[in-house]
Amino acid sequence: MSFPRIGILAATIGAALVLAGCAASAEPAAESDAGASTEPVVLKIAAVTAPMTDVVEAAGDAIEDGYEIELVEVSDYVTANTIVNDGDVYANFSQHVPYMEQFNAGNDGTLVAVQPVYNFVIAFYSKTLDDIADLPDGATVAVPNDASNLGRALKLLDAEGVITLAPEVDPYAATVDDIAENPKNIEFLEVPIASLNAAYEEADLVFQWPSHIAALGLNPDDDGLITELDDRFSLYVAVREEDADSAATEALKVAFSSDEVREVIESNGTIDVAF
């Protein structure tokens, strides 16, 4: 499929990452004296994987005249935030607000969420179990190592009765140190979200986003042992605070809440429209 109004840049991210050019200015170029408009402003948008990348492409089809969207595909969520915060790309579509706030706090970040796009069902999966009640004593449970997603995973296990969190703890901010009761003597393996698919092969239970677990042919509706849909974790377009009220950001908000984006979301059975 071709997308005539969007350029796709596959970026290999490493320690010496250099992105050609800088983030676009916030305003489209004015028309020349002869009345012919100049080149449109290119807005680089970072995303990690499908369906996030698919949504960026759809927004590229919908963006108003005067702007173009260029997808910058990266391999991890920290990079997606870092290159926005550093001004190398204009925005990203890769995260929920709790993750963004965690990044800001740890990296002197100035990112702000400007447009909700979709929400998704999160789940725990197992290669060997059909029922969470069969989780064995001494089981290995793989969970995300970032605070926002770790708290969500532990909150789900607490709600299911697998563990008990200390009552005074905010479950969304919980860590393994906040587990008051662990009757099955679970061993927790904390790894980045992008590595949880690999953990699925060895662990008894794995927490994972649907966008990643799809690579293993799994989805939360059919394969999730514990599932949850929580609007707190809807995915947003994020920009730097200084760009939050710019004309370019307004154009992005319209594009990311367009019929083209809605069509992509509604064609994917694991995500729900959030706008």
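Select helix 1 (residues 52-62), where M52, T53, V55, V56, E57, A58, A59 and G60 are buried, that is, under 20% relative accessible area with a 1.4 Å probe and protein chains only; exposed is over 50%, and partly exposed lies in between. Because eight of its 11 residues are buried, helix 1 is largely enclosed by the rest of the structure. Helices (H or I, at least four residues) and strands (E, at least two) are DSSP runs numbered from the N terminus.

The model is predicted: local features need pLDDT of at least 70, side-chain atom pairs count only at pLDDT 80 or more, and totals for chains, interfaces and linings use all residues. Residues are numbered from 1 along each chain as its sequence is written, and side-chain values use heavy atoms, leaving out hydrogens and water.

Next, display the open sheet, whose five strands run in the order 10-7-11-6-12 with mixed pairing; two strands pair if DSSP finds at least two bridges between them. Strand 10 (187-191) and strand 12 (226-228) are the edges, each pairing on one side only. Within the sheet, strand 7 (residues 140-144) and strand 11 (residues 205-208) pair in the parallel sense over two bridges; V206 is the bridge partner of A142.

Then select R152 and E228, whose side chains meet in a salt bridge (2.7 Å, N to O), defined as a side-chain nitrogen of Lys or Arg within 4 Å of a carboxyl oxygen of Asp or Glu. R152 is buried at 0% relative accessible area, and E228 is buried at 12%.
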